[in-house]
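Welcome! Here is a friendly walk through a structure that may be new to you. Please keep the sequence and the 3D view open as you read.

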Amino acid sequence: MKRIKIFDTTLRDGEQSPGCSMHINEKIEIALQLEKLGVDVIEAGFAVSSEGDFKSVKAVAQAVKNCSVASLSRCVKGDIDASYNALKDAQSPRLHLFLATSPLHMQYKLKMSPEQVLERVEQSVKYAKSLVNDIEFSAEDAARSEPEFLAKVFSVAIKSGATVINVPDTVGYATPQEMKELVEYLIKHIDGIEKVDISAHNHNDLGLACANSLAMVLGGATQIECTINGIGERAGNTSLEEVVMALKTRESFYNAYTTINTKEIYRASRLVSNIIGVPIPPTKPIVGANAFAHESGVHQHAVLSNPLTYEIMRPEDVGVPQNKIVLGKHSGRHAFSEHLKSAGYDLAPEQIDEYFFKFKALADKKKYVSHKDIEALMTGTAKNISAGYELVDFDMTSSKTSKSTATITINTPQGIKTATESGNGPVESAFLAIKKALKKDIVLFDFHINSITEGQDALGEASVKLSYQGNTATGRGVSVDVLEAALFAFIDGLNKLQDDD
Ligand code: KIV
Ligand code: ZN
């Protein structure tokens, strides 16, 4: 059986999607979860694109020990140097270079002839190879390139030192049959291809990203590029969870396997969703709330008699926590810390104290605390985001006959600030009061609220997207009081924006 390497690009292609920007500490938190998941490569960013990206690639390269860390570069010396410098501390660095090869991209975007493209690939890959051994070369828009020219480009890349050649369907246009045949064609026509990995990178514009990646495995690909929850440009990338579970569930059909620890999938999915503030649709394969729910009576009956009747995977295989009541008001620090350990959280004693305090506050308001509640307390709370702003107090009103009002008191680096505002509802009033208190023209461009568990005392989870002076941030807050959750989310977002100042 063939081992398929998993190249995760949540932090690069995933972050490129609108509204998915992440704070550097959140990127580290995701990278550490990807490491636990056992991915082979983490693409941490596009180092030259901004100072923030450079710092994030560097921080991820320093934090991660058990997998390769890659940074994207155009075939330009400055890009390659930036990636190389950002990756200097990586245990196993990979330089990922790309250049478009389709007639459309060469003519209208690059304004380069095919000969110039070949020459640039040779120079750039050779230069990258003089710095680092592990070089991936991607032919952007490969799916719409002339196969003969593509084979020439990849031959040059391999001769110049590439260790991985990536075949992207950049615009999500191809069909599974075409992508499989393209890989077969490349294998037949490229000298030395057996020495390198052939990588699949598919976008989901027609909903075919996962199918195309699997078809490429059948054709001979040995690496799949994917993101958690399938986030990415436009309709996104191949979903890691879908492609990994397809290979696991149909291992003998594909005659291939990955070394992903699938029990960490659910946690990774929730973490990314919480951090970017994008909820997972209930019907999302593998990680959606309904992915393992059997609603119809006929199905329920059959599953009780034999789960195999309707279940092709078990929720525990992907780490879905069962919504069991685990702790309550009287549970002590020891029980709490044992629970965290068994759920896979590895925390220092001071961090356990901090979360135990939060847990106690929750248990005072909520009779029973479930796995999902604890996960909500723990996930997405990236470490070391400065607590420059803190919510001190709030008073909000809402009525059918008059405008809502909110009085908010915040502790800021400049001291305590209070303001009152009125608006169309308590959330708008609170946001206006915060802006007034801080005298900052922050823009709120997205707001969600949803409940984590069922029942009257369910924990509410709020997420906001804020922007200020060209920077954007996602804030998240959790509380049994949904208005307090919204305020926590605003404050969390403000702290992340402040870190970017
Ligand atoms: O979609 C694409 O072509 C890419 C490349 C940069 C690999 O993301
Ligand atoms: Zn892409």
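## Helices that meet

Phe54, Val57, Lys58 and Ala61 of helix H3 meet Ala82, Asn85 and Ala86 of helix H4. By class, this contact of H3 with H4 divides into five nonpolar residues, one polar and one charged. The axes of H3 and H4 come within 8 Å and cross at roughly 40 degrees. Please bear in mind that this is a predicted model.

Helix H4 covers residues 77–86, and its buried residues are Asp79, Ile80, Asp81, Ala82, Ser83 and Ala86. What do the buried residues of H4 pack against? Their partners are helix H3 (51–63), strand S4 (68–74), strand S5 (93–100) and helix H6 (114–129).

With a relative accessible area of 0%, Ala128 is buried, because buried stands for values under 20%. Setting aside neighbours within four places in sequence, Ala128 is in contact with Ile80, Leu95, Leu97 and Ile135. Ile80 is among the buried residues of H4.

Now turn to helix H2 (residues 24–37) and helix H12 (residues 265–276), whose axes come within 10 Å and cross at roughly 165 degrees. H2 is therefore roughly antiparallel to H12, and their crossing is left-handed. From H2, the contact draws on Glu26, Glu29, Ile30, Gln33, Lys36 and Leu37, while H12 brings Ile265, Arg267, Ala268, Leu271, Val272 and Ile275. Sorted by class, the residues of the contact of H2 with H12 are seven nonpolar, one polar and four charged.

Another pair to find is helix H15 (residues 349–365) with helix H16 (residues 371–378), whose axes come within 11 Å and cross at roughly 135 degrees. This angle makes H15 oblique to H16. The crossing of H15 and H16 is right-handed. On the H15 side you will find Tyr355, Lys358, Phe359 and Leu362, which meet Asp373, Leu377 and Met378 in H16. The contact of H15 with H16 holds five nonpolar, no polar and two charged residues.

## The zinc ion

Which residues are the protein donors of the zinc ion (ligand 2)? They are Asp13, through OD, and His201 and His203, each through NE2, lying 2.1 Å from the ion. Along the chain, the donors of the zinc ion (ligand 2) follow the spacing D-x187-H-x1-H. Both His201 and His203 are buried.

Gly14 sits in helix H1 (residues 10–14). Is Gly14 buried or exposed? Gly14 is buried, with a relative accessible area of 0%. Not counting residues up to four places away in sequence, Gly14 touches Thr9, Cys20, Thr227, Ile231 and Gly232.

Gly220 belongs to the loop between helix H9 (209–219) and strand S9 (223–226). Its contacts, again leaving out residues up to four places away in sequence, are Lys2, Val183, Ile187 and Ile198.

How does separation along the chain compare with separation in space? The table lists some C-alpha to C-alpha distances for you to find in the 3D view.

| Pair | Apart in sequence | Apart in space |
|---|---|---|
| Gly14 and Glu233 | 219 residues | 6.8 Å |
| Gly220 and Ser296 | 76 residues | 40 Å |
| Ala128 and Pro281 | 153 residues | 41 Å |

## Positive phi angles in a loop

Most residues other than glycine have a negative phi. Against that background, have a look at the loop between strand S9 and helix H10 (240–249), where Asn229 is placed. Asn229 has a positive phi of about 65 degrees, although it is not a glycine. Arg234 is found in the loop between S9 and H10 too. Arg234 has a positive phi of about 50 degrees, and it is not a glycine either.

How exposed are these residues? Asn229 is buried, with a relative accessible area of 14%. Arg234 is partly exposed, with a relative accessible area of 47%.

Methods. Residues numbered from 1 in each chain as written. Chains lettered and ligands numbered in written order. Predicted model: local features only at pLDDT ≥ 70, side-chain atom pairs only at ≥ 80, totals over all residues. Heavy atoms only, no water. Donors = N, O, S within 2.8 Å, 3.2 Å for Na, K, Ca; no water. Buried < 20%, exposed > 50% of the residue type's maximum accessible area, 1.4 Å probe, protein only. Axes fitted to C-alpha atoms, helices over the stretch in contact; angles between N-to-C directions. Helix = DSSP H or I, 4+ residues; strand = E, 2+ residues; numbered from the N terminus. Parallel < 35°, antiparallel > 145°, perpendicular 65-115°, else oblique. Left-handed = near helix turned anticlockwise from the far one by under 90°. Contact = heavy atoms within 4.5 Å. Nonpolar A, V, L, I, M, F, W, Y, C, P; charged D, E, K, R; others polar.
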